[in-house]
Amino acid sequence: MTSESEQTSRRFSRFSVAMVSVTAFIFLVASLWAVVTPAFRAPDEAKHFNSILRLMQGGGWPPPQSVGLVEGTFVAVYESGFVATGKPVSVRYYADLPAFKDPELPQAEDRSVVSGLSTQGYGEITTPDQMTQHPPLYYSIEAILLKILGADGWRWDQLLLGMRLISAMMVAAAVPFIMAMIRLVTRSAAATIVGTVAIAAIPQFGLISGSVSNDALVILSGSATIYYSVLAVRRPEKIRTATIGVGIALGAGLLAKGLVLAAIPVVAIFFIIAGWRRSRKFWRRVLPVAGAMAIAFAVGGWWYVRNLMLYGQVQPSMRGSGRSETAFEGYNLLAFARDVIRRINNTFWGAQRGTEALPTTAVLAAGTAFVVLTLAVLVFSRQRRLLLILSLYPVLVAVLFVYHSWQIYWSTGDFMGLQGRYLYGAIGLYSLVIALAWQGVTRRLTPGVYRSANVVALTFSLIVFGLGISYMSWLYWRSHGEGIDVAFSRMVSAGPLNAATVTVLVVLCFAAWLAATLFTVRSSLTREPGSRRHSQRRRDRRSLAQ
């Protein structure tokens, strides 16, 4: 007869296989978005690209607002058709979609190698690179890896795809932390997989994951920070591991983006709770939180002390800090509040700019459904206190960027910096809400219905992913009256991969999803999470064994 410890070991071994499958699936989802999205069409991608290119060229990390885009970035952007040649790389000069269908754009073999073009500007044209206001860790990792891969001799389209795929790997590396955290909370493998795979159903998340953006490292560090925070309170014997892990994860996040400062109070609360439970001695109670914060400061927190010493600000901004003494004429706080809600919701689920967005009805329905789901979990789940503490992270992030946006609006009337993607550092919380809701809904289902329900949930996420990426591809690449085959050919000709490679990516993505689904079905055969009937049978077996 197999012992309970051996059964547990086997379950965790099988769960590790499922974790690999889901991680591969999310990586391939991000990779497909990297292939589908036209060059430099993701938010601020040209400037993220420029900062990495400058580091590859040996240009270092200059003070905020002191440098502009290098010539190599201008050449790449012009050859991509994103901005007309001779124009600054600015939102106001972004090309309309038909530019991507211009047959005169260079074919792959004619595209330039730009790593040697390090002169500031393009002739008389200059564009500031505001990315130097951020810490440099994400850009440094990208530049180092690309140097190791020998990317100096790559064409700009190959270089851009390489940067995008490194971002995709960072996001994929967040998946094990998300799954481990959900498993700690729910103790259900099936709910964990359903909640994590649901990430793929957010089109904007896929687009950001497959683009050149420091948000990729924020997603990784944020997911690890949440996992180690939950580990500290759920597994007291792992407090040392959790302290070191959260210190490194939080520190890395702080060295990636200033909005990660919002995670500090959340980490502090978790580790104060963990320390309080651990001992009656005061110094042992404060040791976990003090250790976590000390490590985080040593890894990345020092950057903000440096900013204060050099610039008198925690986080320099291209738009400045503070606000004017009087509001602009026409200031309307209610209008600002309405726009905040609309813009954050739209850019969380799937909107870039202009016509490049999912239908308003779709993003409104998604936002409303998730809010209702979150409220239901907070009301009915036993994990509400944990969820409330974790929710402080995205709430505080929103407070930081909304307040800065309000200062700009007060002074100028412009709506700036209202991006739902800034909340992706807490994407693990989104998955946890889905998992807890799913666990609650399926609690009383019979084993057969439960297995079928899990397959339906995973299939729904796959279908939404497919619809989202297909719709955005249609917006990007298809002209009126043209067939899908023409749009696909145009997309392939604009990138560095051939049609066969793109097809293989699609097949691998489906295979990874299928592997995760098969594991979920198998786990449903051996366990019926949360079922009263199952719990009673388990208690009966234990009493008989005794």
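What follows is an account of aromatic contacts in this structure.

This is a predicted model, in which local features need pLDDT of at least 70, side-chain atom pairs count only at pLDDT 80 or more, and totals for chains, interfaces and linings use all residues. Residues are numbered from 1 along each chain as its sequence is written, and side-chain values use heavy atoms, with hydrogens and water left out.

The structure holds 29 aromatic pairs. Rings of Phe, Tyr and Trp (its six-membered ring) pair if their centres lie within 6.5 Å; planes under 30 degrees apart count as stacked, over 60 as edge-to-face and the rest as tilted. One of the pairs is Trp349 with Phe370, which is edge-to-face, at 6.3 Å centre to centre and 70° between the planes. Trp349 lies in helix 12 (residues 333–349) and Phe370 in helix 13 (residues 360–380), so this pair ties together parts 21 residues apart in sequence. Helices are DSSP runs (H or I, at least four residues), numbered from the N terminus. Trp349 is buried, with a relative accessible area of 8%; buried means under 20% relative accessible area (1.4 Å probe, protein chains only).

Phe370 also pairs with Tyr430: the ring centres are 5.2 Å apart and the planes are at 35°, so the pair is tilted. Because Phe370 lies in helix 13 and Tyr430 in helix 15 (residues 427–441), the pair ties together parts that are 60 residues apart in sequence. Tyr430 is buried too, with a relative accessible area of 7%.

A single aromatic cluster is formed by Tyr331, Phe336, Tyr403, Trp406, Tyr409, Trp410 and Phe415.

Key. Helix = DSSP H or I, 4+ residues; strand = E, 2+ residues; numbered from the N terminus. Buried < 20%, exposed > 50% of the residue type's maximum accessible area, 1.4 Å probe, protein only.
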